[in-house]
Amino acid sequence: MTIIDARPSSFNGQAKERIPCNPRDEGTGASSGIVLSLDMVSTNYYAVAYTVPVQVGFSQQNFSLQVDTGSSDLWIASQSCSTAPCSATNGRLYDPSDSKPADVPFTITYLSGTVSGPIVWDQVQIGGYTISNQALAAATIVNNEPLSYNFDGILGLALPFNSKIQQDVPASSSNTLDGATFSSNILSLTDAPSQAFFSLTLSRPGSSQLPSLLGIGRHPSEIVPNPAKIQYSSLIGPTVGPLFWQTAVRAITVYVNGQARPIELTSLSGAEYPTALLDSGVPLIITTSEIANGVYGALGISPGSDGNYYVPCATPLNMTITLDGQPELPIHPLDLTAEPSGQSQSQYCIGLIQTDDKQLMATPAIGDIILGVPFMRNVYTVMAYQQPNEDGIFDTSIDTGMSPTLGLLGLTNATQAMEEFTQVRVLNLPLEGGQSQQSAQPAHSGEKVSIGIKVLIGLAGFFVLCLVLFALRCCFIRRQWRKRPPEAQVEEGSEPKVEFGAYQLTRRNSQSSIDDISGATLRELPFDAYMRKQKVSQYSVDTNKTRVEDPGSEFGVRRYKPDDISLALSDLWHPHAGWRDTIVGTCAGETPTSPYIPLDDSRHMEPGHQHTASEFMSVPLLAHRHSDSQMSDPAEFGAGRFVSMAGIGTAARGSIIDADIQHRHSRSDSSGRNPQADSSSGPIILDSQEPTSPEPPDHTASDADQTLVS
């Protein structure tokens, strides 16, 4: 019985697309049997139909019929059908003009629709088998069936006692035309398969691991390498014989965080165990409210206002079903919930276990549970008309009578299923790719890293490689730079860079000190000229110790031109070479005239005094000529008591000035100049700081070196 009753109200009855499978036909037919590939046709956002190609009539009209284990009749939408579902086939409709009419009407009612039309006999070919006079219905009215160009009708594979056509046109053992079902006719052919069974494997959308296959008297070797592993269950039915592939349900278990939560089972008939039938024509698992509430209640979920159950899409429903004579069969969590149409990243998914108490109570023969496609994707199903031997082989002829049984082989590995669920619902990655074959062949184990983890590992490796290459490049450049002589580190045509020695005083944006100057260098050059070459002093003085500042430098350091350096080194052993004028001396040329600073008349100015460290003041310095430049002692101009000025050095050394000390400058009268005092003046060190002489090893301090102050 095909039950397609739980579709949303917006369903338009048309198939959306065809999902082709790779041809996997196996066998040649006749007594050896055959395995046929099925097409998976999407009928709505969560439902699919599995169809098989057939040829009908002597003209061999091609159709695709849904394989339905819940019904027993064959019908095809005919050219006389005018309803909307028939129009969806794009003109591929059955022409019964060459058939033999039975003059018997056919009507079948499903939970969500009806199909009706006349019964005819026509030739049907499938997989190399030909039935000359197969009873079928040429449907003229089709309601609520999702027909399409790839879905033209239904091929029922339920047991013959459930056939409507056989009830209206009774079967006969003679050669007269009758209403025998398709399965009965196939197994009664002179070239019928030696093993009387049909089998099904249903693939999962988005995955090619499991094929969709229909076996006629033959097991697919890639799915069933050993038929003895298939477990068989006894069928349940009325006294006249079973109608469906139906058996008892012994247990249903939901696993939450690794903990098993058995579901309390009850039967509508009052039996000890509820019953379940397998129906490949139903896209859901349909059961009673009591069983459904127990399943979803294990996750703390209750039905919605519309009666359906909604599960967070990232929450797996890990459930197993134990049927009579079967082990615990896990169901893939991707088969139990479905994302809403067009919402690939929705927060809530619709549960594919739904209820229909009214219909189940109205038709007691159905039982308590309809195990549709969500369950059948997880098992290899064998619908046998005889009992197998210990090796799983059917060696009893169908002529001795029917003894149907249901065989199942679990195909889902629970651990692998959970990994696939995480990949699809949590990582939002497609199911295909990076998957093992555990689901198809549980015996083969092996772990594989998901695509998301591989991408993260690849990105991390790329960044690590970039960092390593960058570090190597920096080390290479640093080593090359150190190997170059100082002269080569100044680019041609650019301003010479200031070199810093052991006595450098740090200033803003300065480079690191270079402390590896040899003693030979210090012995060859007067220390004053060496420090002037470093250009680190904030201030420079002229030959008369007049304090001046380079207006072109932020800290009073004048940037030399190449000829300045050569001039300073032109006479290295001249006694006054270390005191060469840096701004207003012989190298500076003409300088601006210093502004006049009026003297403080209230103080007596002593002519010819010696200069002190108080000459280094933080106000703008004056640049003037040698002839009339002289500074008087600041104490004579009311500078008052000195405040500590630690760190002040000589003119050749450079200094750091305490910013809190404010000095007043005045220009001395040239008439009071004392040359003797000028020539003998030296640095004055405050705060009891002892002068030090940073001499190189084995070097005798000269007069010029005596002037160094820490």
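Start by selecting strand β9 (residues 129-139) together with β6: the two run parallel and are joined by 3 bridges. Strands here are DSSP runs of E at least two residues long, helices are runs of H or I of at least four residues, and both are numbered from the N terminus. Two strands count as paired if DSSP finds at least two bridges between them. Before going further, note that this is a predicted model, where local features need pLDDT of at least 70, side-chain atom pairs count only at pLDDT 80 or more, and totals for chains, interfaces and linings use all residues. Residues are numbered from 1 along each chain as its sequence is written, and side-chain values use heavy atoms, with hydrogens and water left out.

**Stop 1: around β6**

Zoom in on Ile76, which stands opposite Ala138 in β9. In β11, Ile76 has Gly153 as its bridge partner.

Buried means under 20% relative accessible area, exposed means over 50%, and partly exposed is in between (1.4 Å probe, protein chains only).

Click on Ala77, part of strand β6 (residues 74-77). Ala77 has a relative accessible area of 1%, so it counts as buried. What is Ala77 in contact with, leaving aside its neighbours within four places in sequence? Show Cys86, Leu93, Tyr94, Ala139, Leu147 and Asp152 to see the answer; contact means heavy atoms within 4.5 Å. Phe151 is worth a click too: Phe151 and Ala77 are 74 residues apart in sequence, yet 9.6 Å apart in space, C-alpha to C-alpha.

**Stop 2: the disulfides**

A disulfide is a covalent bond between the sulfur atoms of two cysteines; here, a pair of cysteine sulfur atoms within 2.5 Å counts as one. How many turn up in a search of the whole structure? There are 2 disulfides.

Select Cys81 and Cys86: they form a disulfide, with sulfur atoms 1.9 Å apart. The torsion about their S-S bond is about 80 degrees, so this disulfide is right-handed. Cys81 and Cys86 are both buried.

Next, pick Cys313 and Cys349, whose sulfur atoms sit 2.0 Å apart in a disulfide. Their link is right-handed as well, with 115 degrees about the S-S bond. This pair links distant parts of the chain, 36 residues apart: Cys313 lies in the loop between β19 (310-312) and β20 (318-323), and Cys349 lies in strand β23 (residues 348-351). Cys313 and Cys349 are both buried.

**Stop 3: β20 and its partners**

5 of its 6 residues are buried, so β20 is largely enclosed by the rest of the structure. Strand β15 (residues 246-256) pairs with β20 in the antiparallel sense over 6 bridges, and Ile321 in β20 is the bridge partner of Ile252. Strand β21 (residues 328-331) also pairs with β20 in the antiparallel sense, over 4 bridges. Look at Thr320, which stands opposite Pro330 in β21. The hairpin of β20 and β21 has 4 residues between the strands, and in it Gly325 takes a positive phi near 80 degrees.

**Stop 4: an open sheet**

Which strands come next? Colour β2-β13-β12-β26-β27-β14, in that order: these 6 strands form an open sheet with antiparallel pairing. β2 (34-37) and β14 (231-233) stand at the edges with a single partner strand each, so one side of each has no neighbour in the sheet. Inside this sheet, strand β12 (residues 197-201) and strand β13 (residues 213-216) run antiparallel, joined by 4 bridges. Leu213 in β13 is the bridge partner of Thr201.

**Last stop: residues 455-476**

Finally, select residues 455-476, which an unreviewed UniProt entry annotates as "transmembrane region". UniProt positions are given in the numbering used here, feature names are shortened, and annotations may be inferred rather than shown by experiment. In the model, this stretch is 100% helix and 0% strand, with its end C-alpha atoms 32 Å apart. Click on Cys466 there: its relative accessibility is 33%, so it counts as partly exposed.
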